[in-house]
Amino acid sequence: MTNVFLGDRGSAAIALMGAVAFVMVIVAGLGDLAIFTVARSKAQTAADAAALAAASEQVPGIGRDPVGLARRFAAANGARLVSCSCPLGAKETQVTVQVPVKFLLIGAIANGSVGASARAEMNLDSGRGRSAE
C-alpha cells in the first residue's frame, strides 16, 4: 500500500510560516498606528505650548522675542517649530510644529514627521466701562 500523502510533506510548515508572516504584518501595522497616535498627541501638545508661550511674549512693552520663545517651548516638547505668526503687539498667535517619527512597517519605505498647529488669542481689555449684557 502506498501513502497518497507522501507528496504533501512540509505543506503545513509553509502554511504556518505564511500565517506567522501575516500576523507580524498586522502587529507592525498596529504598532505604526500607535506610534502615529502618540506622535500626533506630542505634536499637538508642543504646538499648544509654543502658541501660549509666543502669545505671552506678544504683550506690548513686556515681550521681546515671541518666535524664540515658541521655538524653545516646541523643542522642550520634542518638536521643531515650522512657522510662527506672532508679531509683537498682536493679539493672535498661530504656530505650526513637526515631530519626527520612525515607523515600524512604513519605516521600511520612508520615515517622516507628524505636524500640528495651534492658535492662541489674547484679550488684554480689562473690561472696565463695559456693562454685562
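**Figure 1. Pairing of strand 1 with strand 2 in the predicted model.** R80 stands opposite Q98 in strand 2. The model shown here and in the following views is predicted. Strand 1 (80–85) and strand 2 (92–101) run antiparallel and are joined by five bridges. The two strands form a hairpin, with six residues between them. Within the turn of this hairpin, G89 has a positive phi of about 85 degrees.

**Figure 2. Pairing of strand 2 with strand 3.** Ten bridges link strand 2 and strand 3, which pair in the antiparallel sense. V97 stands opposite A116 in strand 3, and the bridge partner of P100 in strand 3 is S113.

Figure 3. Three strands form an open sheet in the order 1-2-3, with antiparallel pairing. Strand 1 and strand 3 (112–121) are the edge strands, as each pairs on one side only. From one strand to the next, the twist averages 15 degrees. Helix 1 packs on the sheet and touches strand 1, strand 2 and strand 3; the direction of helix 1 makes about 35 degrees with that of strand 3. Helix 2 also packs on the sheet, where it touches strand 1 and strand 2; the direction of helix 2 makes about 150 degrees with that of strand 1.

**Figure 4. The two faces of strand 2.** In a regular strand the side chains alternate between the two faces of the sheet. The covered face of strand 2 consists of T93, V95, V97, V99 and V101. On the uncovered face lie E92, Q94, T96, Q98 and P100.

**Figure 5. The contact of helix 1 with helix 2.** The axes of helix 1 (residues 11–56) and helix 2 (residues 66–76) come within 8 Å and cross at roughly 155 degrees. Because this angle is over 145 degrees, helix 1 is roughly antiparallel to helix 2. The crossing of helix 1 past helix 2 is right-handed. Helix 1 contributes A46, A49, A50, A53, A54 and S56 to the contact, and helix 2 contributes P66, L69, A70, F73 and A74. Of the residues in this contact, ten are nonpolar, one is polar and none is charged.

**Figure 6. The surroundings of helix 2.** The buried residues of helix 2 are P66, G68, L69, A70 and A74. Among the elements that cover these buried residues are helix 1, strand 1 and strand 2. After helix 2 comes G78, which has a positive phi near 80 degrees.

Definitions and conventions
Residues numbered from 1 in each chain as written. Predicted model: local features only at pLDDT ≥ 70, side-chain atom pairs only at ≥ 80, totals over all residues. Heavy atoms only, no water. Axes fitted to C-alpha atoms, helices over the stretch in contact; angles between N-to-C directions. Helix = DSSP H or I, 4+ residues; strand = E, 2+ residues; numbered from the N terminus. Parallel < 35°, antiparallel > 145°, perpendicular 65-115°, else oblique. Left-handed = near helix turned anticlockwise from the far one by under 90°. Contact = heavy atoms within 4.5 Å. Nonpolar A, V, L, I, M, F, W, Y, C, P; charged D, E, K, R; others polar. Buried < 20%, exposed > 50% of the residue type's maximum accessible area, 1.4 Å probe, protein only. Pairing = 2+ DSSP bridges.
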